[in-house]
Amino acid sequence: MSKVPSEFLGYARPDGSAGTRNHVLVLSILGLANRAAERAAQALPGVLYVGTPYGRGQYGDDKTAHRDQLVGLCRNPNIAGAVIVGADRGALEGIAHLAAASGKPTRTVALDDTHEDSLDASAAAIRHAGELAHAASRLRREKFPASALFMGVECGHSDATSGLVANPVSGACVDRLVDTGGTAVVGETVEWLGAEHIVAKRAANDAVAKAIVDAVLRREQAVARTGQDLTGNNPGAENIRGGLSSIEEKSLGAIAKTGSRPIQGVLALAERPAGKGLYLMDGPSFSPESLTGFAAAGAQLMLFTTGAGNAFTNAIAPTIKITGRPDTARRLVQQIDFDASPVFEGREDIADAGARLFELVMAVASGAATWGEIHGEGAECFTRIGASM
Amino acid sequence: MEITWNAIAIDPADGVAVALRDLTAGEKVIVRIGGKVETVTAREAVALGHKIALRAHAAGEPVMKYGARIAIATQAFAAGDHVHVHNIKSARARKESK
């Protein structure tokens with residue numbers, strides 16, 4: 001498999017990272033500025049809008065987690081520059097200051113500055129985003145080693161074929177990326193539950209092993225406190241239809257997408273990895289939130305495995321949809337980017353499919369569009385971990 | 001490579017196999033377990049991706065897949081039975097848990 005490429009064409013960023021995309025972002029940092037920001041982005045073809053329903057009345061860890069997600073998305077290598085839209089200038093500057101640490105152009109628009117005139121705020125954001133788009137279009141892709149890639153790995157609407165085929169194939173691709181010096185992250189803490197003893201054995205050291213087991217126990221206790229069973233929620237209805245009976249069964253299949261390399265650390269939501277290699281993220285199991293956590297940590301590309309199918313993709317990082325289920329691959333021709341069903345049918349082995357997937361990863365990193373990008377599926381979904389004041 | 005089996009068990013310790021296609025009641029099911037092949041007769045229909053018991057389980061017995069416990073049997077079932085949420089239950093993150 002020496003023909004598998006070991007480099008991709010990316011956009012060089014001031015902090016040394018490589019974008020697989022070249023988005024100009026208009027980011028609203030709180031719900032009441034969303035329309036002003038969205039209107040501006042809609043005025044400029046190709047400019048990406050991301051908004052949050054939250055941003056006021058948050059405190060403590062929840063406030064910090066919300067800030068980390070906003071700042072992290074701006075700093076993602078796929079963003080060429082960002083216009084950050086908020087209400088009061090003080091809060092806006094707090095976010096913008098952290099976002100600007102990436103060295104990328106960052107502009108701000110506060111409703112304060114326009115005396116609460118939302119249309120004037122949109123007009124200002126249009127002019128800023130226009131300038132950033134003009135500058136971004138002058139950038140050209142250049143060669144980067146595969147080691148410059150940070151890949152998020154997710155699953156959604158899993159069934160029994162996910163654990164048998166799509167997840168092990170993704171795991172083989174993750175192994176290949178890690179072996180070339182790249183970085184990968186797998187989240188959804190609840191989906192290590194029942195498999196944490198196996199995952200923890202791959203921890204790089206005892207502290208990481210303990211962090212893995214502790215993260216699972218915290219989630220398990222949080223679920224138990226709700227007075228509800230996890231079954232029916234995770235595994236959800238579509239998982240159960242697909243043959244998964246329990247969270248342990250789902251987890252044992254889900255962890256296959258981590259591959260087989262040592263686990264270097266457990267990241268908090270939106271936390272950037274300190275080094276290269278394989279990481280876990282202690283985060284939500286709902287895939288839209290999980291993917292936003294990865295993007296905020298800096299992932300420039302996502303793998304997303306599915307059994308029955310699942311159209312959702314991340315807005316900032318191209319998301320490669322993978323299934324091992326033959327009827328899903330046949331039915332969802334404009335959703336599934338990578339058909340792993342030859343493995344299910346015994347016509348291809350997992351290592352070969354993993355190499356084939358890695359080839360697609362390099363092509364998508366270099367600009368080949370995913371179906372989700374063509375159809376404009378992408379969105380960001382912010383996680384909250386506390387109630388409002 | 002031609003497939004000669006229609007279900008797969010991942011680990012020799014597993015008490016259940018995964019159907020690789022829809023299985024019908026009374027059908028002789030060929031199960032691949034590692035390099036070996038075993039047969040079991042399906043006592044009921046088992047859909048693709050769903051589990052079929054390789055041996056009888058008593059109520060309360062752990063159910064193994066991937067060489068690990070995936071659930072506890074909530075009622076006895078026989079080899080060839082469909083194994084799913086009607087006869088097995090997660091042992092983790094339940095309201096009964098401490």
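Trainee: How do the residues of the lining of the largest cavity divide into nonpolar, polar and charged?

Mentor: Five are nonpolar, five polar and three charged, where Ala, Val, Leu, Ile, Met, Phe, Trp, Tyr, Cys and Pro count as nonpolar, Asp, Glu, Lys and Arg as charged, and the others, including Gly, as polar. This is a predicted model, in which local features need pLDDT of at least 70 and side-chain atom pairs pLDDT 80 or more, while totals for chains, interfaces and linings use all residues, and side-chain values use heavy atoms without hydrogens or water. Residues are numbered from 1 along each chain, with chains lettered from A and ligands numbered from 1 in the order written.

Trainee: What volume does the largest cavity have, and which residues are closest to its centre?

Mentor: A cavity is a set of points on a 1 Å grid over the protein atoms alone where a 1.4 Å probe fits but cannot get out, with lining residues having an atom within 4 Å of a point; its volume is the space filled by probe spheres set on the points, which are joined across faces, edges and corners. Here the largest has about 60 Å³, and A:Asp159, A:Gly163, A:Leu244, A:Lys250 and A:Gly253 are the closest to its centre among 13 lining residues.

Trainee: Why might phi of A:Ala270 deserve a look?

Mentor: Most residues other than glycine have a negative phi. Phi of A:Ala270, however, is near 70°, and A:Ala270 is buried (under 20% relative accessible area, with a 1.4 Å probe and protein chains only), at 8%. B:Tyr66 also has a positive phi, near 60°, and is buried at 18% relative accessibility.

Trainee: Which residues does a cis peptide bond join?

Mentor: Most peptide bonds are trans. The bond between A:Asn234 and A:Pro235 is cis, with omega about 5°.

Conventions. 1 Å grid on protein atoms, 1.4 Å probe; cavity = no way out; pocket = protein on both sides within 12 Å on 5 of 7 lines; lining within 4 Å. Buried < 20%, exposed > 50% of the residue type's maximum accessible area, 1.4 Å probe, protein only.
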